[in-house]
Amino acid sequence: MKKFLCILLSGAVAISLLSGCSKQDSTSGCVSKGGTTTIKFTSWAGGGEKDALQKAINNFNSTNKEHVEVKADFTDFNDYSTKIDTLVAGGTPPDIGYVDETLAFEWGSKGTLKDLDPYFQTDASLPQAMNIDNFVPGSLFKNNEGKIYGIGLGPEIILMFYNKKSFQDAGIAEPASDPKHPWTWDQMLAAAKKLTTDQNGKHPGDSGFNKNKIKTYGIQIPTGNPQMLPFVLSNDAFYFSNDGKQLTAASDGCTQVFQAMGDLMNKYSVAPSPALTKTMPAGTTMLENGQISMMVDGQYTLATFGADGFNLGDKIDVAPVPIFKTPENVLWSCSVSIFAGSKNQDAAWSFLKYLADPETNIQMYQTGTWVAPLKSWYTDPSLIQKWVGNPLHGGNYQKVVFPIVTDIAQLSPHTYIKNWNQIITQQVAPVLDQVWNGTATAKDALEKANVEKTAQPLLEGTWQ
Amino acid sequence: MKNLSRAGSMSRLDKNNLKWGYFFIAPAVLGILIFILGPMLFSFYVSFTDWDMMNPMQWQGIKNYKTMFTTDPLYWKSLRVTFYFTLLNVPAVNIFALFLACLLNTKVKGKSVFRTAFYIPSIVPIVANSALWMFIFNPTNGLLNSCLEFFGADPQKWIGDENQVIPSIVIMSAWGAGSTMIIYLAGLQGVPKQLYEAVDIDGGNLFTKFLHITLPILSPIVFFNVITSMIGSLQVFTQGYIMTQGGPNNASLFYVLLLYREAFTNNRMGYACAMAWILFVFIALLTACVFKSSNLWVFYENEVQK
């Protein structure tokens with residue numbers, strides 16, 4: 001009896017050991033009983049964007065005629081690419097999913113993403129509005145050979161949101177709302193000084209101002225890319241030469257901008273440094289409370305304001321970002337791509353078509369998550385009304401956003417310069433930490449780090 | 001114990017026992033072979049290739065190893081950062097743990113309460129630990145800066161400052177020295193009391209007792225703890241990943257953090273595997289050095305000629 005129990009026990013141990021080897025149950029490519037094809041859609045969307053996507057998916061699942069069921073898998077942004085790598089390496093890629101805009105061209109050319117051009121050319125049921133030429137520049141991941149590796153469903157631009165009450169209380173005029181004649185950097189700085197107060201109510205420059213005890217900040221600026229690109233571009237400067245083969249991040253034009261940004265944090269104390277921002281509540285919450293008066297971030301931030309019940313023109317509003325010399329902006333969108341390893345590419349395409357038509361997916365645009373990717377939605381009044389004819393898109397929205405999307409913005413370079421992540425995010429950005437901390441000037445920090453030399457092996461040009 | 005060497009043959013009972021022995025260690029051995037040794041050998045192979053996990057591997061020879069030491073601008077930085085951390089962390093943890101163990105070895109009321117209190121930090125999951133210390137290091141209203149302000153000192157930037165980030169992480173690590181302390185405490189119990197009495201008779205104070213009795217007797221334990229804490233320190237990762245992401249300005253870009261980034265953000269699996277194996281070589285070399293030096297300073301009681 002004892003021997004039998006021993007055998008049973010060790011057998012159980014052995015089986016539990018082997019269970020660790022079993023493959024993950026994959027939902028991609030299985031056809032369930034009713035003849036529906038289940039496809040897996042991965043995304044890093046969170047907050048308002050995730051809710052809107054889920055609504056769109058539920059709608060698609062209940063109304064589509066091709067018997068396709070979409071199962072969504074949302075992963076936090078930081079872990080997203082690791083997860084996709086693991087899935088692809090394991091042979092079970094998702095059928096369709098978000099692809100980071102810095103990776104879309106690379107993965108496409110390596111064969112991980114499916115070329116969508118054949119679908120565009122041959123699909124008879126493609127709506128007229130989804131003609132390739134009708135897409136806003138930068139919303140299709142099209143390379144020089146005409147291959148399309150993904151559709152950018154939600155083009156984004158950079159905007160400045162501000163709290164109207166803070167300006168009223170301080171007695172200052174609101175930021176200029178004409179994107180062709182926005183506030184200059186100096187105008188923004190002057191306003192920010194008046195809007196920053198410490199716990200005793202003093203402003204920067206007043207005697208007795210305690211910069212360690214600030215209660216409200218004038219402005220919160222981003223120190224990441226592409227969010228800070230409009231600042232740099234507006235000074236007629238950029239990190240790379242035109243062909244992407246030279247790094248010019250230490251040029252005078254760029255260091256002027258970096259230094260001005262750092263001065264906001266350390267010299268004038270009107271903006272929190274990134275180290276401080278990490279410990280504070282979300283920017284949107286702080287803008288709503290008046291803890292910050294101005295906030296520069298992507299258009300997608302509007303969705304969070306909407307979810308919190310704040311409409312433009314009511315307590316908050318939007319303005320173009322402050323510039324150094326000329327108005328500039330960047331437009332980009334993460335890609336929604338079909339994976340080449342998917343076994344249900346046609347089903348994935350039917351879902352992608354659905355997502356790409358603003359008509360069928362109108363909540364995403366009405367809730368401020370995305371701006372429309374099709375040109376006609378900026379010129380045709382009946383279409384304009386559909387997505388911005390609501391309280392959320394009140395205030396200066398049309399006045400500011402439309403000219404930026406159609407005239408001013410350029411395709412954000414971080415989508416088409418090779419090795420952008422390794423060069424800018426991993427090598428140049430850490431050097432700039434010294435500028436945000438105030439421990440070195442931009443010029444000194446960049447010269448000392450000699451990034452132009454160390455980044456040399458990575459400068460391979462552009463994808464387009 | 002039964003003598004198994006009888007004319008080279010084993011009794012049936014012995015053979016039976018042996019069979020059961022193999023059977024019971026089989027899961028553990030299989031586990032090591034399949035989940036540890038196998039992947040190790042695979043990663044050794046991958047380290048000679050260029051692999052981004054999506055496309056087939058491409059043989060590169062020793063190119064990865066060459067790139068590491070010559071053209072990667074961050075590699076040497078990460079080595080310096082990791083060695084600096086180890087140099088600070090090993091003494092800090094061991095001295096602090098030994099200090100606590102000596103305190104606990106005295107006749108103090110509520111000894112077991114203190115012992116538990118000092119030990120608990122070391123079993124807090126490291127991710128939770130990192131989140132907790134991010135709050136403590138908070139430059140505006142964190143615990144440490146609030147204490148400093150209370151005493152009228154300037155607030156510090158802690159993990160937000162290039163020069164302070166590694167010492168800050170060492171402080172956090174010393175807080176978790178509980179498990180090392182327990183080992184020292186156990187070692188302290190093994191010091192013969194008559195040696196202390198001999199010092200009392202010959203005339204000597206607490207200091208003499210510690211330096212000439214406690215430390216030498218404890219030296220094998222110190223040896224063990226130095227090696228384990230050194231190996232652990234060279235592999236530090238979570239604190240960098242959660243709290244600083246390698247910043248500011250790469251001042252906390254630990255070796256394993258760089259390895260993780262190369263593997264999963266930059267999709268350079270082959271390069272990352274090469275980095276992993278070089279780390280293995282470093283750790284093995286350093287451990288061998290400590291072992292060799294142990295002849296000079298480690299005293300084993302049973303070696304003394306009576």
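In the predicted model described here, Asn396(A) lies in the loop that connects α16 (381–388) and α17 (397–408) of chain A; helices (H or I, at least four residues) and strands (E, at least two) are DSSP runs, numbered from the N terminus. Asn396(A) is buried, its relative accessible area being 15%, where buried denotes under 20% relative accessible area, exposed over 50% and partly exposed in between (1.4 Å probe, protein chains only). When residues up to four places away in sequence are not counted, Asn396(A) touches Tyr162(A), Ser177(A), Asp317(A) and Val318(A), contact meaning heavy atoms within 4.5 Å.

Local features need pLDDT of at least 70 and side-chain atom pairs count only at pLDDT 80 or more, whereas totals for chains, interfaces and linings use all residues. Residues are numbered from 1 along each chain as its sequence is written, chains are lettered from A and ligands numbered from 1 in the order in which they are written, and side-chain values use heavy atoms, with hydrogens and water left out.

Chain A contains 20 helices and 13 strands. Along the principal axes, the C-alpha atoms of chain A fill a box of roughly 85 × 65 × 45 Å. Of the 464 residues of chain A, 55% are buried. Among contacts in chain A with a separation of 6 or more, 74% involve residues 24 or more positions apart.

Two packed helices are described by the angle between their axes and the distance between the axes. In chain A, helix α9 (residues 252–266) packs with helix α19 (residues 442–449) at an angle of about 125°, the axes being 8 Å apart. Axes are lines fitted to C-alpha atoms, for helices over the stretch in contact, and angles run from 0 to 180 degrees between N-to-C directions. The helices α9(A) and α19(A) are therefore oblique to each other, given that angles under 35 degrees count as roughly parallel, over 145 as roughly antiparallel, 65 to 115 as roughly perpendicular and the rest as oblique. Asp252(A), Thr255(A), Phe258(A) and Gln259(A) of α9(A) meet Ala442(A), Lys443(A) and Leu446(A) of α19(A).

Chain B has 13 helices and two strands. For chain B the radius of gyration is 25 Å, but a compact globule of 306 residues would have one near 19 Å. Of the 306 residues of chain B, 40% count as buried.

Within chain B, helix α4 (residues 111–119) and helix α8 (residues 178–189) pack at an angle of about 140°, with their axes 8 Å apart. The contact involves Arg115(B), Phe118(B) and Tyr119(B) from α4(B), together with Gly178(B), Ser179(B), Met181(B), Ile182(B) and Leu185(B) from α8(B). Phe114(B) is also found in helix α4 of chain B and is partly exposed, with a relative accessible area of 40%. Apart from its neighbours within four places in sequence, Phe114(B) is in contact with Leu104(B), Val108(B) and Lys109(B).

Technical notes
Rg over C-alpha atoms; globule rule 2.2 N^0.38 Å.
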